[in-house]
Amino acid sequence: MTFRLFGPGLLALALPAWGNAPELQYPTALRLTAGEATPVIDGRLDDAAWRRAPVYERFAQFLPADKQPARWRTTVQVLVTDDALVFGIRAWDPEPGRIRAPLARRDQVKADQDFISILIDPVGHRRTAQYVRVSAAGAVEDGLFSAEEDSEDSAPDFDVDAATALLPDGYSIELRWPLAALRFAHEDGLPWRVMVSRNIPREERTLDVSAPALTKDALSFIAELQPLDGLGDLALQVRERSFIGFRPELTLRGTRDSSEADGVRRARKASLGAEFKWRPRADWVLDVTLNPDFSQVELDAPQLAGNTRFALSVPEKRPFFLESADVVGPTQADESGENRSLAAFYTRAVTDPDWGLRATWRGAGAEATALHLRDAGGGPVLRAGAFATRSGVQPGGSQASFARGRMQLGSQGQFGLAGLVSLRDFGHGLETQVVGSDGVWRVGDSDQMRGHVLVSGTTLGLDEAGRTLRVTRERGHRAWLGWRHRDGDWVANVNVEEISPRFANDNGFVSQSGIRRASAFGYLRLGPRELAGVDMHESEVQLKLQETRTLADPLLGVAAGQVVERLVQPGFWFAAARNTGAWGHVGLDSHRAKSGGRLHPTRTLLLGLESNPGELLTYISAEVEWGRRLDFDADRVGLGAQGQLQAQLRTPLPGGWWLEYEQRFGLGWVDGPDGRRAFTDRSAQSLVVLHLGPRDSLRLIRQQTHFSRRDDPAAGLAAQNDAGRVLSLMFQHRVGLSRVVSVGLNRAREQPGTVRADEVFAKATLGF
């Protein structure tokens, strides 16, 4: 990507000559003829082709209020070359000096920046869409948007080329989207669909969209994607075209590990790996990975886990698993914050793959994916229960296989039905199998039903010390049904699920089993109003209800019918200027820490706030819950709190450099009967990024976790003092998506045991 600034003398070159062309109903592409010059991707709309391309400008406001006229003029033009779609977008701004255009990392183009977003659905069902977001500085965020979850996933990356030009009255972008990066049916495909949105962050954030019919009542943000006219028989012409990508990578690493038990160990290692992608035709993609190095992805943000009974999931960041993310199944939480998704394949269950193969097929009315890989092992094995998740260490040298296919039914594709098979073979008779089916039914414009049924069988168990052992085959099931409703007055999410005690999925994620749960979350829209002198763009009253009860589990000694948790949480939410959201609820809840234990009433107050305050302090988010909280290990309630704070600052430096600073804090505690702290749980992460230019950055991450518990003979708990520190320093030079050079240093410290780990590394990835 590139970033350019032009003076008034070149303004005429940056503006296409539109004349008095008729207003377009939909975005319309211009097919360039053979031999016609294609635009140079430099952000300037001065190439000859832009003077002929149709202009679309029917934008409407979506935020803060939908169905309103667009704030400022935005125009869209599309060119079709031999191998790509090229978008030219012009964004007018009467205050160009206030355009927020900081340099940013890939996938960090957020609401605090001026940006243009392009969503494309080449399949045409408006079920999923690929998106690319380009900031006014030329930074890129890309990923997939799921209509079923109404959420975006920025983990998948596409090999696009984008550039931006700042102008005296706004800015313009050019985006080249290769046809090789688009996934569409080989035959009988529906028209390609597209939507462009423009983010304008000022005192009042505005989001304009090119689909005037889109409203907040829609079940998803991509419900009104428009046909992209002018493509003609493009899909037929390029559907047989083959694309091949090859990305070798070399990693040099030196390590020094030490602990009280094992002493000091040093090692040096050179690792050569590669990724190979072949799209033999439009609907097929084949991926191969050999000895991939996944150690240098950005560190996961630390989480407060000292008073948590269940395993915590973390998002995917490794490229091999992302090509078929939309076909594997959704993994995002719903509006209630609860993860009711399929979660049948959790890629973090794969720790260190030696090699992997994957094939993905997308047709007009169906799609499927299958993968098989060998994992060197060492990751966790989870065995869930109603009151806690037990964890062990995977045996080495396992093989993982997974396949899922789904088809769309109905004249408008309103029915979806899928089946899946999952196998994890650890050798020596240790294996876990899962088969199942899931489906979705979109009932009109306001309602959606989803559900799944999974059945498992496993011969891998854990003993009391967390060691794996072979057991007589244990069988289990997981069933879930959910209803989602959204209209102009109210929104509701209702879920019922049952997870039997012995359900296991070693390719997926299972944090709790042996339970039956019902939940409902909804809110009533009150609309714009003024409160205490604050102009609220939107306001809602909310209610969350949830109850979880045990199923009989003789193996763990759990009787049926015990309430694990009961949640009654009336609350509120409102939105105001500077993209500010505030929320809160009263928790009239009850929790049980262990089977046969007391059901403790917990009474808490939760308040939260997030905002984009300004150009220096670009983002702040804070949430705190205070009141009578449950200490799970001690099985008692005490006065306590838990809170999180995140703040992000961006500032320009001399020479065109930018400094990005992000700070996260987490703190939780519960007092004992004597009024003193029973335990304290802390986490912190500091992220500093020095952007030397669009391609070069220096990144420093420092994070700490600390959990301490004082000696408590009455509860049978010994004193505990666990601490961890991680420091990561890395310089990275990036050219596009596939050419990256990184050098850095990682240091980690853990207590107790005084474990130390130091690493220096250099890694180069080249894409062809």
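This is a predicted model: local features need pLDDT of at least 70, side-chain atom pairs count only at pLDDT 80 or more; totals for chains, interfaces and linings use all residues.
Residues are numbered from 1 along each chain as its sequence is written. Local features need pLDDT of at least 70, side-chain atom pairs count only at pLDDT 80 or more, totals for chains, interfaces and linings use all residues, and side-chain values use heavy atoms, with hydrogens and water left out.

Start with the nonpolar cores. A nonpolar core here is a set of buried Ala, Val, Leu, Ile, Met, Phe, Trp, Tyr and Cys residues joined through side-chain atoms within 4.5 Å. Buried means under 20% relative accessible area, exposed means over 50%, and partly exposed lies in between (1.4 Å probe, protein chains only). The largest core holds 45 residues. Within this core, Leu-85, Ile-118, Leu-175 and Trp-177 touch the most other members. Apart from it lies another core, of 22 residues, including Phe-345 and Val-564. In soluble globular proteins, nonpolar side chains tend to be buried together.

Contact means heavy atoms within 4.5 Å. Not counting residues up to four places away in sequence, Leu-85 touches Leu-175, Trp-177, Trp-192 and Leu-234, among others.

Next come two strands. Strands (E, at least two residues) and helices (H or I, at least four) are DSSP runs, numbered from the N terminus. Strand β11 covers residues 161–167. Six of its seven residues are buried, so β11 is largely enclosed by the rest of the structure. Its partner is strand β12, residues 170–178. Two strands pair if DSSP finds at least two bridges between them. β11 and β12 pair in the antiparallel sense, over seven bridges. A hairpin of two residues joins them. Ala-165 stands opposite Ser-172 in β12.

Now the aromatic rings. Rings of Phe, Tyr and Trp (its six-membered ring) pair if their centres lie within 6.5 Å; planes under 30 degrees apart count as stacked, over 60 as edge-to-face and the rest as tilted. The whole structure has 12 aromatic pairs. One of them joins Phe-145 and Phe-221, tilted, at 6.0 Å centre to centre with 50 degrees between the planes. Phe-145 lies in strand β9 (residues 140–146), and Phe-221 in the loop between β14 (206–209) and β15 (226–227), so the pair ties together parts that are 76 residues apart in sequence. Both Phe-145 and Phe-221 are buried. With Phe-62, they form one aromatic cluster.

Trp-483 and Trp-490 form an edge-to-face pair, 6.4 Å centre to centre and 65 degrees between the planes. Trp-483 counts as partly exposed because its relative accessibility is 28%. Trp-490 is also partly exposed, at 35%.

Rings also meet charges. A charge sits over a ring if NZ of Lys or CZ of Arg is within 6 Å of the ring centre and within 35 degrees of the ring normal. The charged end of Arg-71 sits over the ring of Trp-72, 4.6 Å from its centre. Arg-133 lies over the face of Phe-115, at 5.0 Å from the ring centre.

Arg-650 is in strand β37 (residues 636–652). Its relative accessible area is 2%, so Arg-650 counts as buried. Arg-650 touches Asp-112, Glu-615 and Glu-660, among others. Asp-42 lies in the loop between β2 (29–31) and α2 (48–52). Asp-42 is buried too, with a relative accessible area of 12%. The C-alpha atoms of Asp-42 and Gly-138 are separated by 10.0 Å, and these residues are 96 residues apart along the chain.
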